[in-house]
Amino acid sequence: MSSRKTSNWRGKNQVIVPWRTYGANAVIALFALFVCGVSPHAWGQKSAAPRSAQQATACDGASFHLVVDVGHSEKSYGALSARGGTEYEFNLRLATQIVQALLDQGFTKTTLLITTDPKRSGLLQRADRANKMGADLFLSIHHDSVPKKFIETWEYEGEKRTFSDRFPGHSVFISNDNPDRAGSLLFGQLIGRELKARGLQYTPHYVEPFMGNRRRVLVDADAGVYRFDQLVVLRMTRMPAVLLEAGSIIHRDEELKLLAPERRGLITEAVADAVASFCALRSKPNAAIARASKTDTSAARTKRAKQDVSRAAAKPR
Ligand SMILES: [Zn+2]
């Protein structure tokens, strides 16, 4: 961990911001976090993918505020991997990497959000915090498991563990109850397409009847975007919001891939490019609205500019 960039980041931005205390539990937003075992070189280099000149000029990364939410908490850690790792560890590792990549690319307001409240109230706190920060975009990072009926057991390093080698792959979720549904869909599609462009396949199994109450509607079969309207962090946030299940950690092969720097690098790169595209697409029509208001205050002009926003959201590419 001797990278100069990382040292600067830690020194300058390693700010713990206790924003509010709910009983004994505090939610902490970190602008930076040092995580042992994550090599900044491994992903810092991979994340520096060239972006188009169009994106670079249209998007002001320094004023764009993305909140990257680490799914679950240390005490309420979510799923267990096939080898006994906690989902929270996987989420923290990947989310930290994504934040670092975006900071490196000039998205200097990017915030890593860590919640310590293990209860359901912690979900509300995540959305509340992002709303109070006035974030432009919200991304919640998770890793997937399977319904109990698919769980099998095996022995790993002398310990009995659970696994399922079905349903590898990532998935992207949005909520139609988010106030910016079009923006959420746009960002979800951008992430899904960037992952696909890097050879990563989403899992289609959420549409199957056997998923029971975890069955979801697939809203974009190309990008792998599902609807999950009830998710608190997607519906209570006032900015476009997406939840990424980055892969299945209960799947024995996929767990190993997700532990490897290469896969995390690909996912990080995909997310960073999606953020840059989203920022660019959202910046251009906003500028159009500003121009319309300045030169012609008629409602018709402003309405036309707003329609441009909708069209840009509906056609991200
Ligand atoms: Zn989760």
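Mentor: Helices (H or I, at least four residues) and strands (E, at least two) are DSSP runs, numbered from the N terminus. This is a predicted model, in which local features need pLDDT of at least 70 and side-chain atom pairs count only at pLDDT 80 or more, while totals for chains, interfaces and linings use all residues. Residues are numbered from 1 along each chain as its sequence is written, and side-chain values use heavy atoms, with hydrogens and water left out.

Trainee: Which residue follows α5, and what is its phi?

Mentor: Helix α5 covers residues 121–133. The residue that follows α5 has a positive phi, near 65°, and is Gly 134.

Trainee: What length is expected for α5 at 1.5 Å a residue?

Mentor: The expected span of a helix is 1.5 Å times one less than its number of residues. Helix α5 has 13 residues, and from its first C-alpha to its last it reaches 18 Å, close to the expected 18 Å.

Trainee: Which protein atoms are the donors of the zinc ion?

Mentor: Donors are N, O and S atoms within 2.8 Å of the metal (3.2 Å for Na, K and Ca); water is not among the atoms, so sites may look incomplete. Lying 2.1 to 2.8 Å from the zinc ion, the protein donors are His 72 (NE2), Glu 87 (OE), Glu 87 (OE) and His 142 (ND1).

Trainee: Why is the arrangement around the zinc ion irregular?

Mentor: Four donors count as tetrahedral if all angles lie between 85 and 135 degrees; four count as square planar and six as octahedral if opposite donors are over 155 degrees apart and all others between 65 and 115; anything else is irregular. The arrangement is irregular because the four donor atoms subtend angles of 51 to 140°.

Trainee: Is His 142 buried or exposed?

Mentor: Buried means under 20% relative accessible area, exposed over 50%, and partly exposed in between (1.4 Å probe, protein chains only). His 72 has 26% and is partly exposed. The relative accessible area of His 142 is 11%, so His 142 is buried.

Trainee: Which residue makes a side-chain polar contact with Asn 178?

Mentor: Asn 178 is placed in the loop between β8 (171–174) and α6 (181–197), and is buried, with a relative accessible area of 3%. A polar contact is a pair of N or O atoms within 3.5 Å; within protein, one must be able to donate a hydrogen and the other to accept it, and residues adjacent in sequence count only if both atoms are side-chain atoms. At 3.4 Å, the side chain joined to that of Asn 178 belongs to Ser 184.
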